[in-house]
Structure formats: structure tokens, C-alpha cells
Amino acid sequence: MSEPRAGLRVLIVDDHPVVRAGLTGMLAAEPDLDVVAEAADGAEAVRLALELAPDVVLMDLRMAGVDGVQATARLAAEAPAIKVLILTTYDTDADIVRAVEAGATGYLLKDTPRADLAEAVRAAARGETVLAPAVAAKLVSRMRQPAAQPLTPREREVLALVARGLANAEIGRELFISEATVKTHLVRAFGKLGVDDRTAAVTKAMAQGLL
């Protein structure tokens, strides 16, 4: 690691050694940024962050074991003064929302230019929210979407039976309704959940705590 120097202390977290080395080199070139350590996974990141108390943790998102979101949540709970800046190749809505809800100060993509990355680290240290333009657009779009309609009790019953592996005809017999009515409930549930098939519907309903 670099020799201690005055400036913002940064911990770099990524499961690829080449990426860690590249990020360390990029940030170490900035006179006011000091890379104090590197971590290969979320568990090591939490341990080093609690030990070294960096100003900013530059956190990869998807890693084996403890991922970036889990590590971010732990740091937000145990060391809220440490700012976490997500740096990833993934910009899906689900990843972005999970990271922000876990307490990340910002969310950047790995194609961010060096100068922008360095400035983002400084901004995160000041407590400012830092978002890649594409990420910001996705969040704004998501916020503008109308709230999803809740599932009816019957739709939840049908999905619960789907989760048990029952076919439409079997669900109909179980609930004393026709197979056509089962299909109607499923179609409506698909629309409310924003999915196109049974497996996705069950998965999303479980993720939302509906089943």
C-alpha cells in the first residue's frame, strides 16, 4: 500500500486483483487521495474498514460470499461515518435500489473516467450523493412509475399454490374455482408484479414478502 500521507483515506474493494491494482494506481496518482488498503470480498472489506476507518470505501457490488450490498449495510450499521461508494459494471434497477437502500452514498459504473472517479470519492467523503448519469436516470424513472397495485388475497393464494408446484387445474380443484379463473388471477398477478411467467411471479412475490 501507499505510504501514509495527508488526504482522504480510501479502501478499495473488488474481487479481481487486476481491477484493484488499476484503481489503486488511478487514485494514488491524486495528491489528496490515499489508498490505505485493498479487500477482495465484502467480509474482508468490513473487517479492514472497521480496523482502518477510511473516509471512503470504493465497493464492488457482486462478489462471492458477502457481496457489496451486504457489506455496505453492515458498515452503515456499525460505522456510519464511513462513506461507501459503489463501483460496478451492473446498472440494473434491482442492484441500484438494493445498494441505495443498504446505505451507499453513491453508485458509479466502472467506465467512469479517472478524473470523475477521483472527484466522486471527494464528493462522497463530503457526504454528497454521487450517481452515474445512467443510474440517476433509472432512479428518476423508477420514482415516476405509479405505485404497483397490491395483489388480492385470491391472487396471493393462487401464487402460493404455484410456488408449491401445482398446475392450473390442480389449483382450481384446491380453491374450488375453474381453470380459466385460475389463469385470470395469474394474468392479473403477472401484470401487477411486472413479470411474464409463473416462476418470475413467484420469485418476485417472495422477494416482496407477499408469500
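Tutor: Axes here are lines fitted to C-alpha atoms, for helices over the stretch in contact. Keep in mind that this is a predicted model.

Student: Okay. At what angle do the axes of α7 and helix α9 cross?

Tutor: At roughly 100°. The two axes come within 9 Å. Helix α9 covers residues 179-193.

Student: Is that roughly parallel or roughly perpendicular?

Tutor: Angles of 65 to 115 degrees count as roughly perpendicular. So α7 is roughly perpendicular to α9.

Student: Which residues make the contact?

Tutor: From α7, they are R154, E155, V158, L159 and V162. From α9, they are V182, H185, L186, R188, A189, K192 and L193.

Student: How many of the residues in the contact of α7 with α9 are charged?

Tutor: Four are charged. Another seven are nonpolar, and one is polar.

Student: Now α10. Where is that helix, and at what angle does its axis cross that of α7?

Tutor: Helix α10 spans residues 198-207, and α7 spans residues 153-163. Their axes cross at roughly 110° and come within 10 Å. That makes α7 roughly perpendicular to α10 as well.

Student: Left-handed or right-handed crossing?

Tutor: The crossing of α7 and α10 is left-handed.

Student: And which residues meet there?

Tutor: L159, V162 and A163 of α7 meet R198, A201, V202, A205 and M206 of α10. By class, seven are nonpolar, one is charged and none is polar.

Student: Switching to rings. How many aromatic pairs are there?

Tutor: The count is zero.

Student: What lies over the face of Y90?

Tutor: R62 does, at 3.7 Å from the ring centre.

Terms used
Residues are numbered from 1 along each chain as its sequence is written. This is a predicted model: local features need pLDDT of at least 70, side-chain atom pairs count only at pLDDT 80 or more; totals for chains, interfaces and linings use all residues. Side-chain values use heavy atoms; hydrogens and water are left out. Axes are lines fitted to C-alpha atoms, for helices over the stretch in contact, and angles run from 0 to 180 degrees between N-to-C directions. Helices (H or I, at least four residues) and strands (E, at least two) are DSSP runs, numbered from the N terminus. Angles under 35 degrees count as roughly parallel, over 145 as roughly antiparallel, 65 to 115 as roughly perpendicular and the rest as oblique. A crossing is left-handed if the near helix is turned anticlockwise from the far one by less than a right angle, and right-handed if clockwise. Contact means heavy atoms within 4.5 Å. Ala, Val, Leu, Ile, Met, Phe, Trp, Tyr, Cys and Pro count as nonpolar, Asp, Glu, Lys and Arg as charged, and the others, Gly among them, as polar. Rings of Phe, Tyr and Trp (its six-membered ring) pair if their centres lie within 6.5 Å; planes under 30 degrees apart count as stacked, over 60 as edge-to-face and the rest as tilted. A charge sits over a ring if NZ of Lys or CZ of Arg is within 6 Å of the ring centre and within 35 degrees of the ring normal.
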